Each structure stands twice: as structure tokens, then as C-alpha cells.
Amino acid sequence: MPIVAQSTETTDWVSRFADEVIEESERRAPGKPVVVASGLSPSGPIHLGNLREVMTPHLVADEVRRRGYTVRHLISWDDYDRYRKVPAGVPGVDDSWAEHIGKPLTSVPAPKGSAYPNWAEHFKAAMIKALAELGVEYEGISQTEQYTSGVYREQVLFAMKHRGDIDAILDQYRTKKAPAKKQQGQKPVDEAELEAAEGSGAAAEDDGSSGSAGYFPYKPYCGRCEKDLTTVTAYDDDTTELSYTCTACGYSETVRLSEFDRGKLVWKVDWPMRWAYEGVIFEPSGVDHSSPGSSFQVGGQIVGIFGGKQPIGPMYAFVGISGMAKMSSSKGGVPTPADALQIMEPQLLRWLYARRRPNQSFKIAFDQEIQRLYDEWDKLAAKVADGAVLPADAAAYARAVGTAAGELPRTPRPMPYRTLASVADITAGAEDQTLRILSELDPENPLTSLDEVRPRLDKAETWINTQVPAEERTVVRDEPAADLLKSLDDQGRESLRLLLEGLDANWSLDGLTHLVYGVPKVQAGFPADATPKELPPEIKVAQRTFFALLYHLLVGRDTGPRLPTLLLAVGQDRVRKLLGA
């Protein structure tokens, strides 16, 4: 059964855009499928910022599908873009790849050791797999295939015939491109725009070929070196004969453009051409496209030359990573959707994009913050189950857990992520110990198989193993801290005695939570179940002192996993040994 989003209120941005898209589609192309689009350039790792280029139209398209409409979500793989530079930090890539700068991405060798035939396919593969796990339904379009098979041939000839009109539009903005005086540490305007363009599917190209023969919105790839460092020197509209020279290798030739498919329209012409060709109704764009002369703004005028209209769609803000600056796919080592899906379930990742309006920036946590995010997600799930949730939050939840096609696979018994991470940390992945500990969390409803907590358990274990520094990992003592035990005063020894006496009767997550918080209360003469309002402030200080003592005796540090989870993980016999029973 499809998951039905429960809100059409203005606070739910997806529903609002779906309303606009349906209305616009019925006005432009009544009776035809609704077309939404995304563009991705596989010039390097396709990162979590790029994912917003896909998730924004996906969520809108899915809402339109839920309402019974046929939708095409096109993802244009801009794999016929030029290879601009060698990205840093990509495994299997060295400086020798610089010799391929200027070639189409599909003509650049894949990194060493890759199983894929070229650069573009290598970086597309991980994204394709991630989109499948995220439940994104789309039609992938290779721009290499579109251009080299002649699909766009008529559009290319049309653009060349109307090059004067295109040039006149572009010329309105060329005088506005002079960058302001560069301040120290600041990138030139054009370099910043190129990085932003690459991150949002826009190819980093110039406006076209302007030489002594005039302006041309088409770039041939050289017949000898395959690079786009070419200049059109002549073109005949009647015969479609085109002459060009290559500044990289000196090669020149004359071809008949009506039969020639080794080149492409420059980006600011290519993008609006595709809007008209595909009939795109909705496509978002990055915030950088709002500047004068940007490809989205210029495209809104050029698309009319092709007889089309600019899509509606929001500008989306950047996505960051906890502790990291804005991402750029031109750099290696930035987290990708595949990286995120190793440590979090697809429902959580979908929710992060669904709950924020496109113009709101947000961060994706790879650090300890992921535990808080999971706590928030689980609380939302509980509120949805109880029917005590705001409509917009219910809608975001529904869009996260499934699509119009049905629910995404989920963890049958979603235990708290922080608990699973703590257990994975302490047990170092030993499944028998993990099952023992998790089964003791709730003795009245014990876990019988780790499959009940997968894949969340696997995600938490991967997070511990890949994102938590070695010095922050939990290592339980092998032997008691004899010197520390000997140095304890009467109050310290009494606190340990009270804890040890209560282990048998409280050996569960809830029981141990009550016990460790209760010991300092009892020592101060209060009932173990006294609430914070009934206690003086110094009880909190006594609790922190007691907790620090237990951490030092168990793991040799001031802090660690939540004490109830840690005690269960260590096991009752070992706890008694380490606490000097």
C-alpha cells in the first residue's frame, strides 16, 4: 500500500510545489505526463549537496504520483561535459589524468582499479546504487548518448541558425561579469560560480566560440585529441559545413554539421534547449544560479528561442556536513550519499531533505550528532503512531518512510541508535555478545535474533568503526583499577555497595537506569524514585561524581556510553569484578 502524505497545508513545502506543478503542467501540456528534471555531472564524487538536486524534484514528483498523475522524473547525466580538472583526493587518480582535461567525461579513463569503462560511469555507479536504496524513481538520460547518436541534431542546427539571437541575449550579461577586486583568500567570481555550477549539474563552460568568424553556441570535440579546446572558424547555414581548429594539438577540419555528432551546445544554451525538448515543468537550481548572467536566469530567455518555457522550481540552499564547510564535487573526500547510507537508514536521509524547505540549508551529521538526529526521528515515529503529530511533521515522516510505490524496507525492531552504537563499540562486532546484551535490554520482550534490529544495527556498527576516532572508542578494563579502589573514601565505597546490591533486581535497561541515578539519592537520604523537583541541586553534582567514578573503574575515562548500556554490555560478573566486589 502506498504511504499517503497527510498534509496539504502551506507549512508542507512539497504539497505546495505539487499544487503548482500540476497546475502548470495542465496549462502547458494537458493530458501529458508531468515532467520534472534533475542534472548531475559525474565529474567526480557526486556528494550530498548534489543529492538535493535530485531529492527536491523527487519528493515533488512522488507527491504528484500519490495524487494519481503520471510523472517522468528525468535525471540528465551530464557525462558529455568537458573534464575540467583532476579532483584531489580521489583514490586511483594521479597527476597524469591532467592530460585528459578538455575531453568528454566518457572519454576519460576511470580511476585505477575501477570496474567501469570510463570516468563518468565510475562516478555514476555509486549514485545509481544510492538512489535505488533511497527509493528514487527516475529515467536516466546520458548526454553522451543523446549527442553522439544524433538525438539533438536538429536542435544543434536550430541553435546555430539562431546564433545571433542567442548571442544578443548573452551579450546583455557579459558586461556584468567583471569580478570585484579580489580580497585575500577570496576566489574570483568565475571560479566560485564554476564550482557551484558543477555541484548543481551545470557544466563549467564558456558562452560559446567567439572568434573572427563570429559567435557560435556549439563546441566540437577535436577529431584528433578529443578535447574541446577548439574554435569554429567558419559555418555555412545552407550546407551546414563547419570548420574548426584545435588550439591544443593544431588539428583542423571541415565537417557537415548535419552529419556530425562529436560536439555539444555550450551549457547556457544546452540547458534551455533540453527544457524545451523534454517539456520540463519543474526543475530546481542552486543558489548560485540567482546571480545576473547565471545559466538559469539566461536560460529563461534562451528557452524561448527553442519554443519552450523555463521550468518553475525553487533555488535550493547548500547542504553541509557537521564541522565541514560547503561541499564542492571538484574536491575528493567529500561525503557522498553512499557514505551516508553506510551509517544511516534511507528513511533518515530522506527525512533530512523532506523536512526542510529547499531554501533552508542544513547539515548531515557524521559525528556524535547522528545519535541526536536518530533520537529525534524515533520520537517523531512514536508521535505518528500515537496520532499526536503536527500535519507538516506527519507529511515529512510519510515522505521519508516510503513513496507512492510503497514503504521502503525498514528495521523490524528499531532500538535506539545510540544504544546499538554503544553495544557495537563495546563488543567490537561479536554477534553472540551483541545478542546477549540487546536481549537483556527488555527482559519481558527479549530480542531473539539480530535480524530484528538490522539494518540499523549494521549502520550503527559502521558508524562506530569508520567515524569514531580510536581514542574515543570504549575499551573495558581487563583487571580492576586496584589503586583507585583502595583510594576510595567511605562514601565512594558505599555507593559501589549500593549499586552492586541492586544489580540482580534491576538487570534491564530501565532497571539499571533507575539504579544508577538512584544510588546518590539514597546516599543523601532521599527515595530512589524522587523526582528532580524534589531534590536539592547538589544531588546532580553527586550523580555526576558517581558516574565519573564508574566510568573510571570500568573503562578508565571520565565519560563513555550511557552507563545502563555499558553495564549490560560488560555483564554482571565482570561488573562485580571491576567494581571490587
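Me: What volume does the second largest pocket have?

Reply: A pocket is found on a 1 Å grid over the protein atoms alone, as an open set of points with protein on both sides within 12 Å along at least five of seven lines. Its volume is the space filled by probe spheres set on the points, which are joined across faces, edges and corners. Here the second largest pocket has a volume of about 440 Å³. This is a predicted model, in which local features need pLDDT of at least 70 and side-chain atom pairs count only at pLDDT 80 or more, while totals for chains, interfaces and linings use all residues. Residues are numbered from 1 along each chain as its sequence is written, and side-chain values use heavy atoms, with hydrogens and water left out.

Me: Which residues lie nearest the centre of the second largest pocket?

Reply: Lining residues have an atom within 4 Å of a point. There are 22 of them in this pocket, and Pro 45, His 122, Phe 123, Ala 126 and Thr 336 lie nearest its centre. Two or more lining residues come from each of α3 (119-133) and α10 (337-343); α3 gives the largest share, six residues. Helices (H or I, at least four residues) and strands (E, at least two) are DSSP runs, numbered from the N terminus.

Me: How many residues of strand β1 are buried?

Reply: Buried means under 20% relative accessible area, with a 1.4 Å probe and protein chains only. In a regular strand the side chains alternate between the two faces of the sheet. In β1 (residues 34-40), seven of seven residues are buried. Val 34, Val 36, Ser 38 and Leu 40 are on one side, and Val 35, Ala 37 and Gly 39 are on the other.

Me: Which strand is joined to β1 by seven bridges?

Reply: Two strands pair if DSSP finds at least two bridges between them. The partner joined to β1 by seven bridges is β2 (residues 71-77), and the two run parallel. Within β2, Ser 76 is the bridge partner of Gly 39.

Me: In what order do the strands of the open sheet stand?

Reply: The order is β7-β8-β9, with antiparallel pairing. β7 (230-235) and β9 (252-256) are at the edges with a single partner strand each, so one side of each has no neighbour in the sheet. Five bridges join β7 to β8 (residues 241-246), and Val 232 has Tyr 244 as its bridge partner in β8.

Technical notes:
1 Å grid on protein atoms, 1.4 Å probe; cavity = no way out; pocket = protein on both sides within 12 Å on 5 of 7 lines; lining within 4 Å. Buried < 20%, exposed > 50% of the residue type's maximum accessible area, 1.4 Å probe, protein only.
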